[in-house]
Amino acid sequence: MKAVERTRSLPALLAAALLAACAVLWAPAPHAVADSDLSTIGRALRENPVYVDPAASAQLSAADAATLAKRIKGADKPLFLVVLPADHPTKSLFTDLRTATGITGLYAVRLGDRFDARADSSVLPRSAVQNLVTSVRGDRDARTQLTDFSDRAVANMGGSAPSGWGSSGNGGGVSTTALVATAAVVVAGGAGAYALVRRGRRRREEEQRAALERLRVVVDEDITAFGEELDRLEFHPAEPGADDAMRADYERALDTYEQAKSLMAAARRPEDVRAVTQALEDGRFALAQLAARREGRPLPQRRPPCFFDPRHGPSVADAVWTPPGGAAREVPVCAADQARLADGRDPMVREVDTDYGRRPYWDAGPAYGPWAGGYFGGGLLPGLLVGTLLGSMMATPSYAADYGTGYGDFGAGGYDGGDVSGADFDPGDFGDFGGGGGDFGGGGDFGGGGDFGGNF
């Protein structure tokens, strides 16, 4: 009897799903209301990337909103734009909006003449969100501000547009036959879609394994170089003049060396390498502190490693450098490369093997993003890598899906941009990042007990 019930359960489930799909398709469009509640906004954003509250329609016309929506859909990025009146409630606005929408992405809100944004870390790191917001804060006009923000955001963020944006309503009627047929296709296509997702995941896993093996060669070289530094150190904890601080520096360097080897042995994905290079960077700084103590010099300031080759150790200054075909930027450099640049010579650049021969690591491919991210961190990399091959690749959705989440922020989250995660997201991504990025154009922070730009 139970077997019969199980046999009948599939048609019953299909029928229920068909009825539910029809109910959704036949449901009348919600009437526009002023001061829209977040549920209304969430439903709207699941179908279209731009939402304008009726009470804020003077800020952005329907034509401009449609143009923005078309650009975002064409870029295939999970970017959501919301325009609200100045007096809309702000308490927990981003967290509640993200929960109501249920989709991993970048959320930007224009509230009156003020503007801010938040994102899931799998789509864009907090530092990058903050920089994007700051870059458009001088735009007073809503259309200009949202257009500028959208253009810059889609060039840097990861992920793909949610499937719900695949088509837009035209306001016209649809035949019952078409609705039923569409619902049937939705139900019948579920199993096929699931199979495609599984195949896609297997393909990404294979690509990640191949990328990790290529990256492993470079990381092993780094670990070996650090081990050789330890061998050349000629320091013994019991030597005359050694004190507890020196011994602590030495032990930390030894510990990070062992930690780096252990982490690399356990690495399964390219983004796992970030922890390895973080450990090596910490170990080299410990050696720099030890050298200063032994020589009686002031302790060095904690700085990022030399940009041209992290094996050179901690940087001592920032120097202006212009990559071939790129724009000038300041990069952290070691003393030797600082002298070379000052003399008009080329720095000692870290090169790696590629399909086209030896190339600088920033022109070698996307797998080196986690490696660089561990050394330099997410906040520093955008300025260092802009205009390079690696910097361009890190701004693409495929990079974010395969190797991590933007400039060095290589999390292991389970949802890529555009995925439906519901309430399963990190609310910390939507909270305060360093005071909300300062004041908000047109009136400071959102104050008044609101959390827009403050704590959630």
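Mentor: Helices (H or I, at least four residues) and strands (E, at least two) are DSSP runs, numbered from the N terminus. This is a predicted model, where local features need pLDDT of at least 70 and side-chain atom pairs count only at pLDDT 80 or more, while totals for chains, interfaces and linings use all residues. Residues are numbered from 1 along each chain as its sequence is written, and side-chain values use heavy atoms, leaving out hydrogens and water.

Trainee: Which elements are included in what covers the buried residues of H4?
Mentor: Buried means under 20% relative accessible area, exposed over 50%, and partly exposed in between (1.4 Å probe, protein chains only). Among the buried residues of H4 are Leu93, Phe94 and Leu97. Their cover includes helix H2 (38–45), E2, E3 and E4.

Trainee: Which strands stand at the edges of the sheet?
Mentor: Two strands pair if DSSP finds at least two bridges between them. Here four strands make an open, mixed sheet in the order E1-E2-E3-E4. An edge strand has a single partner, so one side of it is left without a neighbour in the sheet; these are E1 (50–52) and E4 (114–119).

Trainee: In E4, what is the bridge partner of Arg110?
Mentor: Strand E3 (residues 106–111) pairs with E4 in the antiparallel sense, over six bridges. In E4, Arg110 is bridged to Phe115.

Trainee: Which strands does helix H6 touch?
Mentor: Contact means heavy atoms within 4.5 Å. Helix H6 (residues 142–154) packs on the sheet, and the strands touched by H6 are E2 (79–84), E3 and E4.

Trainee: How many disulfides does a search of the whole structure find?
Mentor: A disulfide is a pair of cysteine sulfur atoms within 2.5 Å. For Cys306, the nearest cysteine sulfur is that of Cys334, 3.7 Å away, and Cys306 is in no disulfide. The search of the whole structure gives a count of zero.

Trainee: Is Cys334 buried or exposed?
Mentor: Cys306 has a relative accessible area of 0% and is buried. The relative accessibility of Cys334 is 6%, so Cys334 counts as buried.

Trainee: How is Arg269 classed by relative accessibility?
Mentor: Arg269 sits in the loop between helix H8 (244–266) and helix H9 (273–295). Because its relative accessibility is 27%, Arg269 counts as partly exposed.

Definitions and conventions:
Axes are lines fitted to C-alpha atoms, for helices over the stretch in contact, and angles run from 0 to 180 degrees between N-to-C directions.
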